[in-house]
Amino acid sequence: MKLSKLDLSNVVAIAHSQGHLQLLLDLGHELEFIEIPAPVEAFEGLQHLNEIVAEAKDLPSYEESIPMLPIYSSMATAVGYNDDKNILQVEFHNGAVYQYSDIDQDTWQDLQQADSIGKFFNENVRGKYQYERINDDCCC
């Protein structure tokens, strides 16, 4: 068996759709979205690897924040989801960050796949779930 060293530190987010592994890469000065033909097992393997690496790190004693995915939307700059607690986190363009409670996995998946994240959010999340602003340090 031959082992190869990997550096996946520039991978910001991963997804799988229609037989393609989708990767969002941070190139330093810009983000690049690439698709690679791959079975869903490749995506699941990367998710599992991420869990193993996260468990291996010495985590601080405070609650870990929700990983955020940068998005291209007129409504927000990033979204994230905690599937253990069913919390959707949204960072709006004005810097405000809100968490929405009791968001099921299907709603999270539908939000990510929506043609318009803002439209989906306004029709399916806003005003329908309890929420809390989690940052007070933005200039709104």
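**Entry 1: a serine in a loop.** I started with S73, which sits in the loop between β4 (69-70) and β5. Helices (H or I, at least four residues) and strands (E, at least two) are DSSP runs here, numbered from the N terminus. Buried or exposed, I wondered about S73? S73 counts as buried because its relative accessibility is 17%; the cut-offs are under 20% relative accessible area for buried, over 50% for exposed and partly exposed in between, with a 1.4 Å probe and protein chains only. I then looked up what S73 touches, leaving aside its neighbours within four places in sequence: H93, I117 and G118 are in contact with it. Contact means heavy atoms within 4.5 Å. A polar atom of the S73 side chain also lies 3.0 Å from the backbone nitrogen of M75.

**Entry 2: what I'm looking at.** A reminder to myself: this is a predicted model, in which local features need pLDDT of at least 70 and side-chain atom pairs count only at pLDDT 80 or more, while totals for chains, interfaces and linings use all residues. Residues are numbered from 1 along each chain as its sequence is written, and side-chain values use heavy atoms, with hydrogens and water left out.

I noted 3 helices and 8 strands for the protein. From the N terminus on, the elements run β-β-β-α-β-β-β-β-α-α-β. Of the 140 residues, 29% count as buried.

Entry 3: Strands β1 (residues 11-17) and β2 (residues 20-26) pair in the antiparallel sense over 6 bridges; two strands pair if DSSP finds at least two bridges between them. I14 stands opposite L23 in β2, and A13 has L24 as its bridge partner there. The two strands form a hairpin with 2 residues between them, and Q18 in the turn has a positive phi of about 50°.

Stepping back, I see an open sheet of 3 strands in the order β1-β2-β3, with antiparallel pairing. β1 and β3 (31-37) are the edge strands, each pairing on one side only.

I also checked V40, which lies in helix α1 (residues 40-56). At 35% relative accessibility, V40 counts as partly exposed.

L69 stands opposite V79 in β5. β5 and β6 pair over 6 bridges, with A76 opposite F92 and N82 opposite I87. Their hairpin has 4 residues between the strands, and N86 takes a positive phi near 55° in it.

Why is β5 largely enclosed by the rest of the structure? I counted it off: 6 of the 7 residues of β5 are buried, so the strand is largely enclosed.

**Entry 4: two helices.** Next I looked at α2 and α3, which pack at an angle of about 150° with their axes 8 Å apart. Axes are lines fitted to C-alpha atoms, for helices over the stretch in contact, and angles run from 0 to 180 degrees between N-to-C directions. T107, D110 and L111 in α2 meet I117, F120 and F121 in α3.

**Entry 5: the cores.** Which residues touch the most other members of the largest nonpolar core? They are M75, L88, V90, F92, Y100, L111 and F121, out of 18 residues in that core. β5 (76-82), β6 (87-92), β7 (97-100), α2 (105-113) and α3 (117-124) each supply at least two residues of it. A nonpolar core is a set of buried Ala, Val, Leu, Ile, Met, Phe, Trp, Tyr and Cys residues joined through side-chain atoms within 4.5 Å.

A second, separate core of 5 residues includes L21, L23, A38 and F43.

Methods. A polar contact is a pair of N or O atoms within 3.5 Å; within protein, one must be able to donate a hydrogen and the other to accept it, and residues adjacent in sequence count only if both atoms are side-chain atoms.
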